[in-house]
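Please look over the sequence and structure below before reading the briefing that follows.

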Amino acid sequence: MKARQVEGLDPAAPLYPNAERIVRTRLDELRTLAPAALDPAASTAQHDMRIAAKRLRYLLEIVGPCFGPEAKTVHDAAKQLQGVLGEIHDCDEMLPRVWGIESLRELLRTRRELLFRQFSDHWQAVSPTLHTFSLLRGESGGELNDR
Amino acid sequence: MARAREVPGFDCEESFSASAERVVAVRAAEVFEHSDGVLDMDDIEALHDMRVATRRLRAALEVFAPAFPAKRHRKALKRVKALADALGERRDRDVAIEFLAGFADEAQQADRAAIEALIERLREEQRRANEELAPYVAAERLKKLRRRLCKLVKAAKR
């Protein structure tokens, strides 16, 4: 999945406003993918959401210090989403390879169901934080949208 | 997994380009620091650490793309992606073998032989992936990549 283009970046301008644009785009990308990924059988959507979570995670690893402590919460949420969606993807990749090994297929199916529930619960728990984009504040304490 | 190193002098009020220089320089250094022992299939963590470092570098290159001359950036990113892909191919097999080996002990007798055969197939793929990775982590190739990334950092737009 290609990352959405971030418009209006200015290399000569300070990092903060540029970072804010990128974070906003990546957060939006992640949130847009969620409804489709919450269908248990939608493995492609879940894979795309994993990539989006990974992008947000590594972005915040770089620019997180510009957004105060809330950025750590969002970073950790993205990391956890990436982790559980990654394990779901591992099950999806492994299942076709273990054709005929019934005990293993059963284990993988059960594991996938469990992981999907974890993903769904985690998303319910963190989406308000992600949704409330204005919770992210710049170093000066002003809301992102005001800067 | 190794934590990302702090970027000295990182400042949100500094220009996007200056931040790009600082971050990419540190993330690139981390990749090369983790290149020892990646071909050792008995210690899969070494490869994992280099893969994560490569992923962080790739993320930094993507985030800061507008700060660099387009052609130079495209070439550098292409090489980092190729390295990441080669590391990923090996890592996928490392993880699958570890998972199956853990499961084989508790599997039903009827399935055990099939699981052992699958592990053996994966070991063959792991060996092949390792052979394909070898040129990417050869000293000369990494030296070239390091030089390319140094030039990229120096070429950041002012």
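Among contacts in chain B between residues at least 6 apart in sequence, what share joins residues at least 24 apart? The share is 70%, two residues being in contact if their C-beta atoms, placed from the backbone, lie within 7 Å. This is a predicted model, in which local features need pLDDT of at least 70 and side-chain atom pairs count only at pLDDT 80 or more, while totals for chains, interfaces and linings use all residues. Residues are numbered from 1 along each chain as its sequence is written, and chains are lettered from A and ligands numbered from 1 in the order in which they are written.

**Overall form of chain B**

- Chain B holds five helices and zero strands, where helices (H or I, at least four residues) and strands (E, at least two) are DSSP runs numbered from the N terminus.
- The radius of gyration of chain B, taken over C-alpha atoms, is 19 Å, well over the 15 Å that the globule rule (2.2 Å times the number of residues to the power 0.38) gives for 158 residues, so chain B is more spread out than a compact globule.
- Along its principal axes, the C-alpha trace of chain B spans about 65 × 30 × 25 Å.
- Of the 158 residues of chain B, 34% count as buried, that is, with 20 or more other C-beta atoms, placed from the backbone, within 10 Å of their own.

**Helix 3 of chain B**

- Helix 3 of chain B has 35 residues and reaches 50 Å from its first C-alpha to its last, close to the 51 Å expected at 1.5 Å a residue, a span computed as 1.5 Å times one less than the number of residues.
- Its buried residues, including H73(B), L87(B), R90(B) and L100(B), pack against helix 2, helix 4 and helix 5 of chain B.

**Helix 1 against helix 5 in chain B**

- The axes of helix 1 (residues 16-33) and helix 5 (residues 139-154) of chain B, which are lines fitted to C-alpha atoms over the stretch in contact, come within 10 Å and cross at roughly 170 degrees.
- The two helices are therefore roughly antiparallel to each other, a term for angles over 145 degrees on a scale from 0 to 180 degrees between N-to-C directions.
- E21(B), V24(B), A25(B), A28(B) and F32(B) in helix 1 meet L142(B), R146(B), L149(B), L152(B) and V153(B) in helix 5.
- The residues of this contact divide into eight nonpolar, no polar and two charged, with Ala, Val, Leu, Ile, Met, Phe, Trp, Tyr, Cys and Pro counted as nonpolar, Asp, Glu, Lys and Arg as charged, and the others, Gly among them, as polar.

**Contact with chain A**

- The contact takes 27 residues from chain B and 27 residues from chain A, and helix 2 (44-63) of chain B gives the most to the side of chain B that touches chain A, with six residues.
- By class, that side of chain B has 16 nonpolar, four polar and seven charged residues.

Methods: Parallel < 35°, antiparallel > 145°, perpendicular 65-115°, else oblique. Buried ≥ 20, exposed ≤ 12 C-beta atoms within 10 Å, placed from the backbone.
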